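Thanks for coming. I will go through one model today, strand by strand, and then look at a few single residues. Please have the sequence and the structure open.

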Amino acid sequence: WSAGNTSPILFQAGERTLLGMSLWQGQVALDAADGRPVWKRSSEGEKGQLVASDGHVLINAPEPVLCRIKSDGSLEELWKNANLALGCYPQAVILSGRLYRVTDKEGLIVFDLATGRELQRWNGGRTGGSLVAADGMLYHIGFGGATKGDHRVTLLRPTAEGVEVVSSFEP
């Protein structure tokens, strides 16, 4: 197994802290206390950043896979969305039972975490960009306007249907 192109993350599995990372051949989680492997997924073609929150791990590849973290630290695959050929380098956040995913082609897509059902697509005139959550809100830094360097920062409030814009500005 060789190193991939994403940063490792720390997340909880019951009382254990795990170090998860996506490598060229798949994904692996190690017990942070002793370095022993807890799980390994061989998945050529599923290279992507790991996102962990609310007892779930998302393999945020072009074809996303959502897994539940079991009490022993192992994974149970909940859903996989084979219909999302959404470009490269997607960004994702798990927050309050929803998966928020930004790609360079489609903008922000909101999914129900339990079912994988798509709830909303939103791009606010921009695609791609970065997504972060803080204090129950989402911050989207989007690009793709009419000129290079044309960016917009948008504060989004999660709703039952997806998201709504609270405010935005162009830096």
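**Sheets, cores and a few loops**

In β3, the residue that bridges to Leu19 is Leu30. Strands here are DSSP runs of E with at least two residues, numbered from the N terminus.

Before going on, the ground rules. This is a predicted model, in which local features need pLDDT of at least 70 and side-chain atom pairs count only at pLDDT 80 or more, while totals for chains, interfaces and linings use all residues. Residues are numbered from 1 along each chain as its sequence is written, and side-chain values use heavy atoms, with hydrogens and water left out.

On confidence: pLDDT is the predictor's confidence in each residue, on a scale from 0 to 100. The chain has a mean of 83, and 83% of its residues reach 70 or more. Confidence is lowest in strand β13, residues 127–134, with a mean of 84, and highest in strand β16, residues 163–169, at 94.

Back to the pair I opened with. Strand β3 covers residues 26–31, and six bridges join β2 to β3 in an antiparallel arrangement. Two strands count as paired if DSSP finds at least two bridges between them. β2 and β3 make a hairpin, with two residues between them.

On its other pairing, β2, residues 16–23, runs antiparallel to β1 over five bridges. Two of the bridge partners can be named: Phe11 goes with Leu18 of β2, and Ala13 goes with Arg16 of β2. The hairpin of β1 and β2 also has two residues between its strands, and Gly14 there takes a positive phi near 65°.

Put together, four strands give an open antiparallel sheet in the order β1-β2-β3-β4. Its edges are β1 and β4, each pairing on one side only. Neighbouring strands in this sheet are turned by 25° against each other on average, direction ignored. For that angle, axes are lines fitted to C-alpha atoms, and angles run from 0 to 180 degrees between N-to-C directions.

There is another open sheet of four strands, ordered β5-β6-β7-β8, and its pairing is antiparallel. Why is one side of β5 and of β8 left without a neighbour in the sheet? β5, residues 49–53, and β8 stand at the edges and each has a single partner strand, so one side of each has no neighbour there. β5 and β6 pair antiparallel over five bridges, and Val51 has Leu58 of β6 as its bridge partner.

Now the cores. A nonpolar core is a set of buried Ala, Val, Leu, Ile, Met, Phe, Trp, Tyr and Cys residues joined through side-chain atoms within 4.5 Å. Buried means under 20% relative accessible area, exposed means over 50%, and partly exposed is in between, using a 1.4 Å probe and protein chains only.

Which members of the largest nonpolar core touch the most other members? Out of 15 residues, they are Phe11, Leu18, Trp39, Leu50, Val57, Ile69 and Leu75. Two or more residues of this core come from each of β1 (9–13), β4 (37–42), β6 (56–60) and β7. Apart from this core lies another one, of eleven residues, including Tyr100, Trp122, Leu138 and Leu156.

Take Trp39 from the largest core. Contact means heavy atoms within 4.5 Å. Leaving out residues up to four places away in sequence, Trp39 touches Phe11, Leu18, Leu50, Ser74 and Leu75, among others.

Ser74 sits in the loop between β7 (65–69) and β8 (75–80). Beyond four places in sequence, the contacts of Ser74 are Val38, Trp39, Arg68 and Ile69.

Next, Met137 in strand β14, residues 137–143. Met137 counts as buried because its relative accessible area is 16%. Met137 and Pro158 are 21 residues apart in sequence, but 6.6 Å apart in space, C-alpha to C-alpha.

Last, two loop residues. Ser96, between β9 (91–95) and β10 (98–103), has a positive phi of about 50° although it is not a glycine. Asp135, between β13 and β14, is also a non-glycine with a positive phi, of about 55°. Buried or exposed, for Asp135? Asp135 is exposed, because its relative accessibility is 80%. Ser96 is exposed as well, at 64%.
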